[in-house]
Amino acid sequence: MSLRHPVRAIVLDEEDRILLCRLELPEIVVWTRPVWRHEAVEPGYAEGHEGVVNEYFLVRVASFEPRGAMTDREPAAENVSGRRWWSLPGIAGFRG
């Protein structure tokens, strides 16, 4: 079986804030939550592969502006419309 094996990171800054991405799907808008392992095996899920196995790692960094080198259109093609740092109280109190 041909599975794609990308590596993902859970990124925490010096204030223990987590970096999350806003994901806009046709039926819902969510801030993506971390998972340690995600496996999806189905036709068409990952071009050229029969599925994916995502492994997540914890990475500690100094706070930074989460911009990256991608144009705004590139993450939007994967339904990502924003990025921001979240504190635990910020996540717990979010109503939106």
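**View 1. A polar side-chain atom of D13 lies 2.9 Å from the backbone nitrogen of E15.** In this predicted model, D13 sits in the loop that runs between strand β2 (7–12) and strand β3 (18–24). The relative accessibility of D13 is 1%, and because buried means under 20% relative accessible area, D13 counts as buried.

**View 2. Surroundings of D13, with residues up to four places away in sequence left aside.** The residues that D13 touches are R60, V61, A62 and S63, together with W85.

**View 3. Strand β1 and helix α2, the elements with the lowest and the highest confidence in the protein.** Strand β1 (residues 3–4) has a mean pLDDT of 72, whereas helix α2 (residues 88–93) reaches 89. Across the protein the average pLDDT is 82, and 94% of the residues score at least 70.

View 4. Along the sequence the elements follow the order β-β-β-β-β-β-α-β-α, and the C-alpha atoms fill a box of roughly 40 × 30 × 30 Å along the principal axes. Of the contacts between residues at least 6 apart in sequence, 64% join residues at least 24 apart, and buried residues make up 22% of the 96 residues.

**View 5. Charged side chains and surface of the protein, with 12 positive and 15 negative side chains.** The centres of the two charge sets lie 4 Å apart, while the accessible surface comes to about 7200 Å², of which 55% belongs to carbon and sulfur atoms.

Notes: Residues are numbered from 1 along each chain as its sequence is written. This is a predicted model: local features need pLDDT of at least 70, side-chain atom pairs count only at pLDDT 80 or more; totals for chains, interfaces and linings use all residues. Side-chain values use heavy atoms; hydrogens and water are left out. Helices (H or I, at least four residues) and strands (E, at least two) are DSSP runs, numbered from the N terminus. Buried means under 20% relative accessible area, exposed over 50%, partly exposed in between (1.4 Å probe, protein chains only). Contact means heavy atoms within 4.5 Å. Accessible areas come from the Shrake-Rupley method with a 1.4 Å probe; for residues, only the protein chains shown count as cover. Lys and Arg count as positive and Asp and Glu as negative; His and the chain ends are not counted. The place of a charge is taken as NZ of Lys, CZ of Arg, CG of Asp or CD of Glu. pLDDT is the predictor's confidence in each residue, from 0 to 100. A polar contact is a pair of N or O atoms within 3.5 Å; within protein, one must be able to donate a hydrogen and the other to accept it, and residues adjacent in sequence count only if both atoms are side-chain atoms.
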